[in-house]
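Colleague: Hey, I'm new to this one. Can you put it on screen and walk me through it?

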Amino acid sequence: MTKQSYSTEFLQLLKSVEAKRPKIVIDHILKYGQITTEELKDLYGYNHPPRAIRDVREQGIPIQTFRVKGSDGRKIAAYKFGDPADVRATQLSGRTAFSSKLKDALIEKHGARCNIYLKPFPVRELQIDHRVPFEISGDNANLSNNIEEYMLLCASANRAKSWSCENCPNWKAKEISSCKTCYWAFPESYKHIATRDIRRLDLLWSEKEVAEYEILLEEAAKVQEEPPEYVKNILRNHFKNKLMELMGLGSI
């Protein structure tokens with residue numbers, strides 16, 4: 001990617017960042033024009049790339065996300081600086097980490113599980129995230145000390161949420177009320193996903209359940225359906241049978 005030229009003021013802001021993780025991201029983008037999740041993991045040892053990117057954003061520095069091909073040919077996330085005009089200075093800028101006390105409180109309230117996948121995870125693998133993205137709510141001081149405004153996510157869910165939020169129309173509109181009725185903020189009670197009238201059900205198969213998942217893939221392949229559609233059709237048939245039973249017509 002061709003490197004861009006930036007104003008003296010923007011460069012001064014970039015060079016003022018001293019914390020190790022965001023500084024590594026900034027220096028890499030300055031040198032190469034972008035940084036990928038693959039580079040963050042393989043070159044710098046960051047197993048949770050979105051966290052490193054979030055550290056940069058929390059310095060008030062705009063970051064854009066896009067897709068590129070990874071070394072294995074699959075699409076992966078890449079990051080570059082956004083429009084310098086979008087630079088924000090907030091009272092929360094410079095915060096490098098959430099407190100262990102906050103994490104303990106969230107685990108006590110919700111258990112050691114991902115709030116999106118609703119599955120238990122080792123405590124070390126769970127990440128604290130703002131329910132309403134920091135980039136939208138960061139200027140609202142009332143959110144910083146309220147446990148209800150945070151959630152625990154596994155790395156996979158955090159990446160999925162980041163991608164969806166950054167590509168949401170509300171990313172620029174910054175209407176907190178819209179975020180508070182979104183799946184990514186409150187999956188237990190929501191009206192839309194990134195402003196779209198859709199619903200989703202996230203399923204994980206772990207440990208002994210993986211064998212059941214492999215069977216599902218095999219059965220879906222037999223009828224030439226993608227696994228999600230195959231699962232939907234199973235549920236549709238189940239509900240049809242229930243309806244037939246209620247009508248006293250027997251199952252189909």
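Colleague: How many helices and strands does the protein chain have?

Modeller: The chain has 11 helices and 5 strands. Those are DSSP runs numbered from the N terminus, helices being H or I with at least four residues and strands E with at least two. Before we go on: this is a predicted model, so local features need pLDDT of at least 70, side-chain atom pairs count only at pLDDT 80 or more, and totals for chains, interfaces and linings use all residues. Residues are numbered from 1 along each chain as its sequence is written, and side-chain values use heavy atoms, with hydrogens and water left out.

Colleague: What share of the residues counts as buried?

Modeller: It's 40% of the 252 residues. Buried means under 20% relative accessible area, exposed means over 50%, and partly exposed is in between, using a 1.4 Å probe and protein chains only.

Colleague: Switching to pockets: what volume does the largest one have?

Modeller: About 880 Å³. On a 1 Å grid over the protein atoms alone, a pocket is an open set of points with protein on both sides within 12 Å along at least five of seven lines, while a cavity is a set where a 1.4 Å probe fits but cannot get out; lining residues have an atom within 4 Å of a point. Grid points are joined across faces, edges and corners, and the volume is the space filled by probe spheres set on them.

Colleague: Why does the pocket lie between the two domains?

Modeller: Because domain 1 (8–86) and domain 2 (100–180) both give residues to its lining. Those bounds come from an automatic or database domain assignment.

Colleague: How does the pocket lining split by class?

Modeller: There are 14 nonpolar, 7 polar and 16 charged residues. Nonpolar covers Ala, Val, Leu, Ile, Met, Phe, Trp, Tyr, Cys and Pro, charged covers Asp, Glu, Lys and Arg, and the others, Gly among them, are polar.

Colleague: New topic: where is L118?

Modeller: L118 sits in the loop between α5 (100–110) and β4. L118 has a positive phi of about 55°, although it isn't a glycine. Most residues other than glycine have a negative phi. T195 also has a positive phi, of about 75°, and T195 counts as partly exposed because its relative accessibility is 38%.

Colleague: And is N115 buried or exposed?

Modeller: N115 is buried, at 7% relative accessible area. N115 is in the loop between α5 and β4. Leaving aside neighbours within four places in sequence, the contacts of N115 (heavy atoms within 4.5 Å) are H110, R131, M151, L152, L153 and P187.
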